[in-house]
Amino acid sequence: MSDDVFDCPFTYANGCRCKGTISRARAYGRSRGRNYPEREDVRKYRLWCSLKSDHAGAVSSPWSKQRMEFYPDELPEPLLDTLWRNNALK
Ligand SMILES: [Zn+2]
């Protein structure tokens with residue numbers, strides 16, 4: 001297990017980046033009968049923040065649920081490499 005730490009990608013409406021770090025991640029996509037998809041089959045990643053969990057806030061809406069969901073090309077390659085290397089996406 002490595003101790004690579006990545007900043008939470010969430011940006012507030014006022015333009016400030018969240019000061020938290022990514023505490024947990026999940027991959028969603030075609031799983032071909034397994035519990036989670038292979039990297040090339042991932043359609044979306046969901047991240048959790050060390051400070052604000054899923055950033056859903058007090059008001060739950062379809063939009064707030066998607067705040068911490070990202071397409072693979074929206075996330076930096078080093079982050080994805082680390083998540084996969086650490087087997088952190090189950
Ligand atoms: Zn955050």
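**View 1. Three strands of the predicted model form an open sheet in the order β1-β2-β3, with antiparallel pairing.** Strands (E, at least two residues) and helices (H or I, at least four) are DSSP runs, numbered from the N terminus. Two strands count as paired if DSSP finds at least two bridges between them. β1 and β3 stand at the edges, each with a single partner strand, so one side of each has no neighbour in the sheet. Residues are numbered from 1 along each chain as its sequence is written. Because this is a predicted model, local features need pLDDT of at least 70 and side-chain atom pairs count only at pLDDT 80 or more, while totals for chains, interfaces and linings use all residues.

**View 2. Strand β1 (residues 22-29) pairs with β2 in the antiparallel sense.** Seven bridges connect these two strands. R26 stands opposite R46 in β2, and Y28 stands opposite K44 in β2.

**View 3. Strand β3 (residues 69-70) is joined to β2 by two bridges.** The two strands run antiparallel. Y45 stands opposite F70 in β3.

**View 4. The largest nonpolar core is made up of eleven residues.** Its members are C8, I22, A25, A27, V42, Y45, L47, C49, M68, L80 and L83. β1, β2 and α2 (77-85) each supply at least two residues of this core, and β2 gives the most, with four residues. A nonpolar core is a set of buried Ala, Val, Leu, Ile, Met, Phe, Trp, Tyr and Cys residues joined through C-beta atoms within 7 Å. A residue is buried if 20 or more other C-beta atoms lie within 10 Å of its own, exposed if 12 or fewer, and partly exposed in between, with C-beta atoms placed from the backbone. Of the 90 residues of the protein, 12% count as buried.

**View 5. L83 is in contact with A25, A88 and L89, leaving aside its neighbours within four places in sequence.** Two residues are in contact if their C-beta atoms, placed from the backbone, lie within 7 Å. Among contacts in the protein between residues at least 6 apart in sequence, 48% join residues at least 24 apart.

**View 6. The loop between β2 and α1 holds S53 and H55.** Phi of S53 is near 50°, a positive value in a residue other than glycine. H55, also not a glycine, has a positive phi of about 60°. Most residues other than glycine have a negative phi. S53 counts as partly exposed because it has 13 C-beta neighbours inside 10 Å. H55 has 19 such neighbours inside 10 Å and therefore counts as partly exposed.

**View 7. Helix α1 (residues 62-65) has the lowest mean pLDDT among the elements of the protein, at 61.** Strand β2 (residues 42-49) has the highest, at 94. pLDDT is the predictor's confidence in each residue, from 0 to 100. The protein averages a pLDDT of 86, and 87% of the residues score at least 70. Where pLDDT is low, the predicted coordinates should not be read in detail. The secondary structure comes to two helices and three strands, with the elements running β-β-α-β-α from the N terminus on.
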